[in-house]
Amino acid sequence: MKKVDIYEELKNRIVKNEYAPGQVLNEIEISKEFNISRTPVRNAFQRLEMDMLLTIVPRYGVQVSFIDFTNMKSLFELTRVLDPMATREAVHKISKVKLDELRDITEKLSNIKEDDDYQTAIDLDEAFHSIIMDSCGNPWLRSTLKDLHIHTERLWHYCNEYFNDVTIFSKRFKKIIEAIEIGDENMAEENARLHIDDYVSKVKEALF
């Protein structure tokens with residue numbers, strides 16, 4: 001196996017639900033799989049615990065964190081403030097190249113059919129958000145949102161079998177792009193907030 005960043009690989013597996021909530025991970029088995037010593041695996045576990053993706057239980061092992069919906073409610077309360085803030089800040093700071101990328105992402109999302117792989121839609125959604133975060137001009141806001149979006153993306157994967165409407169990924173994005181084009185910060189901010197509200201409504205509809 002080619003050399004990989006073990007932390008990024010394990011994080012990706014957790015986020016994409018390849019390691020299910022509650023699954024116990026074995027340090028020895030993972031070190032054998034990647035043909036590495038146990039030390040980098042242990043270090044990755046510690047970082048993932050800090051990300052709240054793993055729970056290290058003394059004398060028991062390492063367990064993939066369960067999705068705590070009380071905690072997710074708190075997370076959405078935060079992203080509902082910070083995502084619109086980043087979008088507002090990006091309106092006058094985003095480059096033409098990045099704006100073109102947003103248009104391309106939104107066009108691809110609009111062409112996804114309901115029976116297509118939701119993974120594509122999730123990836124494009126995250127790519128859109130990443131461009132906004134990178135364009136907001138605030139490194140602290142960007143870093144914070146990157147950490148938070150790990151968990152919102154994980155929830156997408158956890159719930160994707162219950163979703164049957166891919167328009168949730170694109171309908172607000174079109175309005176955000178329009179707002180950027182005309183320089184309307186309030187419009188951009190509001191549609192970023194509505195995008196989160198749409199997402200939360202879908203999650204509630206799927207799980208409760």
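Me: How do E1 and E3 pair, and over how many bridges?

Reply: The general idea is that strands of a sheet pair through backbone hydrogen bonds, either parallel or antiparallel. In this predicted model, E1 and E3 are joined by 2 bridges in the antiparallel sense.

Me: How many bridges join E2 to E3, and which residues are bridge partners?

Reply: E2 and strand E3 (residues 61–64) run antiparallel and are joined by 4 bridges. Thr 55 has Gln 63 as its bridge partner in E3, and Ile 56 has Val 62.

Me: What lies between E2 and E3 in the hairpin?

Reply: There are 3 residues between the two strands of this hairpin. In the turn, Arg 59 has a positive phi of about 65°.

Me: Now the helices. How is a packed pair described?

Reply: Two packed helices are described by the angle between their axes and the distance between the axes. Take helix H5 (residues 96–110) and helix H8 (residues 171–182): their axes come within 10 Å and cross at roughly 155°. An angle over 145 degrees counts as roughly antiparallel, and H5 and H8 are therefore roughly antiparallel to each other. Their crossing is left-handed.

Me: Which residues make the contact of H5 with H8?

Reply: From H5 come Leu 99, Leu 102, Arg 103, Thr 106, Leu 109 and Ser 110. From H8 come Phe 173, Lys 174, Ile 177, Ile 180 and Glu 181. Sorted by type, the residues of this contact are 6 nonpolar, 2 polar and 3 charged.

Me: At what angle do H4 and H7 pack?

Reply: Helix H4 (residues 69–90) packs against helix H7 (residues 139–159) at an angle of about 130°, and the axes are 10 Å apart. That angle makes H4 oblique to H7. The crossing of H4 and H7 is left-handed. Residues in the contact include Phe 69, Met 72 and Leu 75 of H4, and Leu 141, Thr 144 and Leu 145 of H7. The residues of this contact divide into 13 nonpolar, 5 polar and 1 charged.

Me: How many salt bridges are there, and what does Arg 13 pair with?

Reply: Side chains of opposite charge can pair when their charged atoms come close. Counting pairs with a Lys or Arg side-chain nitrogen within 4 Å of an Asp or Glu carboxyl oxygen, the total comes to 22 salt bridges. Arg 13 forms one with Glu 33, where the closest N and O atoms are 2.7 Å apart.

Me: Where in the chain do Arg 13 and Glu 33 lie?

Reply: Arg 13 is in helix H1 (residues 6–15) and Glu 33 is in helix H2 (residues 27–33). The two are 20 residues apart, and the pair links distant parts of the chain.

Conventions
Residues numbered from 1 in each chain as written. Predicted model: local features only at pLDDT ≥ 70, side-chain atom pairs only at ≥ 80, totals over all residues. Heavy atoms only, no water. Axes fitted to C-alpha atoms, helices over the stretch in contact; angles between N-to-C directions. Parallel < 35°, antiparallel > 145°, perpendicular 65-115°, else oblique. Left-handed = near helix turned anticlockwise from the far one by under 90°. Contact = heavy atoms within 4.5 Å. Nonpolar A, V, L, I, M, F, W, Y, C, P; charged D, E, K, R; others polar. Pairing = 2+ DSSP bridges.
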